[in-house]
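I opened my notebook to look up a few things in this structure. Here is what I worked from.

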Amino acid sequence: MKPRLGKTSRQLALISGAGTRIGAHLARALGEAGIDVALHCNRSTRGAHALAGRLRRQGVRAEVFVADFEEEGGPQRLGEEVCRHMGVPHILVHNAGIMEGAIFSKTSAGCLDRLWKINVRAAFLLSQQLAGPMGRRGGGHILHILDIAGLEQTWGGYAAYAMTKAALAQLCRSLAKELAPRLRVNAIAPGLVLPSKGLSAKATARLVSKIPMKEKVSPQSLVEAMFFLLSNNSMTGQILVLDGGRSL
């Protein structure tokens with residue numbers, strides 16, 4: 001299926017973690033391209049509802065769905081609710097994720113479980129829930145948002161987090177092969193985009209200094225990469241790295 005990304009499109013995209021940060025940027029761009037959006041969030045309900053209202057004023061359907069991916073059955077219920085209220089998505093963007101750091105010897109089982117459930121398990125189960133209906137309806141596209149920490153980069157103190165992102169990269173490749181030709185599955189692996197709120201300006205500048213291009217990755221770069229992958233029917237199982245050369 002070739003996504004129709006123009007203003008006449010009535011396709012539907014489900015974006016997990018769409019209430020804030022990167023997810024909100026991707027959801028807004030999809031809505032502004034004329035695509036109806038199902039915005040998933042957990043705690044960021046205020047941001048999700050504000051974005052949904054903005055997109056509805058621009059003429060697209062936009063609804064908010066709250067789901068906790070740590071809860072048993074949370075991802076599956078999200079898929080069911082979206083299909084029941086808005087229809088089967090044409091595009092599924094797995095953006096929801098958490099980043100927790102701890103040295104290996106101090107990483108708790110609770111931390112490991114949270115990272116696994118939200119970063120990997122939810123993507124697996126939500127894809128499993130929707131792949132069948134998407135395929136029977138005619139096809140679609142699944143897009144994972146990764147991190148260079150799961151690919152070329154190795155950071156001290158983030159073993160558990162990096163492991164989950166590496167697992168998500170392998171899930172992308174596995175699903176691309178298993179779900180073809182009905183569905184295409186790709187991923188974007190960004191570097192430093194939006195620093196965490198707890199990161200000081202000095203620490204951010206130190207990270208930027210290690211990037212060959214000497215600048216953070218802009219959210220717009222991720223939006224452009226997303227549309228490229230959605231529009232190119234020859235690409236599946238691919239991971240686009242957007243890091244300004246940091247992983248070189």
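**Entry 1: the core.** I note at the start that this is a predicted model. I looked up the largest nonpolar core. It has 36 residues. Leu30 and Met226 have the most contacts inside it.

**Entry 2: Met226.** What does Met226 contact, leaving aside its neighbours within four places in sequence? I found Leu26, Ala29, Leu30, Leu143 and Ile188.

**Entry 3: strand S5.** Six of its six residues are buried, so S5 is largely enclosed by the rest of the structure. I then checked which way they point. Gly140, Ile142 and His144 point one way, while His141, Leu143 and Ile145 point the other way. I recalled that side chains in a regular strand alternate between the two faces of the sheet. S5 pairs with S4 in the parallel sense, over four bridges. His144 in S5 is the bridge partner of His94.

**Entry 4: the surface.** Last, I looked for a nonpolar patch on the surface. Leu112, Trp116 and Met163 form one, with about 270 Å² of accessible area together. Leu112 sits in helix H4, residues 109-137. Is Leu112 buried or partly exposed? Its relative accessibility is 34%, so I put it down as partly exposed.

Note on methods: Residues are numbered from 1 along each chain as its sequence is written. This is a predicted model: local features need pLDDT of at least 70, side-chain atom pairs count only at pLDDT 80 or more; totals for chains, interfaces and linings use all residues. Side-chain values use heavy atoms; hydrogens and water are left out. Patches are made of residues with over 30% relative accessible area and no salt bridge: like charges are joined within 9 Å, nonpolar side chains (Val, Leu, Ile, Met, Phe, Trp, Tyr) within 5 Å. Accessible areas come from the Shrake-Rupley method with a 1.4 Å probe; for residues, only the protein chains shown count as cover. A salt bridge is a side-chain nitrogen of Lys or Arg within 4 Å of a carboxyl oxygen of Asp or Glu. Helices (H or I, at least four residues) and strands (E, at least two) are DSSP runs, numbered from the N terminus. Buried means under 20% relative accessible area, exposed over 50%, partly exposed in between (1.4 Å probe, protein chains only). A nonpolar core is a set of buried Ala, Val, Leu, Ile, Met, Phe, Trp, Tyr and Cys residues joined through side-chain atoms within 4.5 Å. Contact means heavy atoms within 4.5 Å. Two strands pair if DSSP finds at least two bridges between them.
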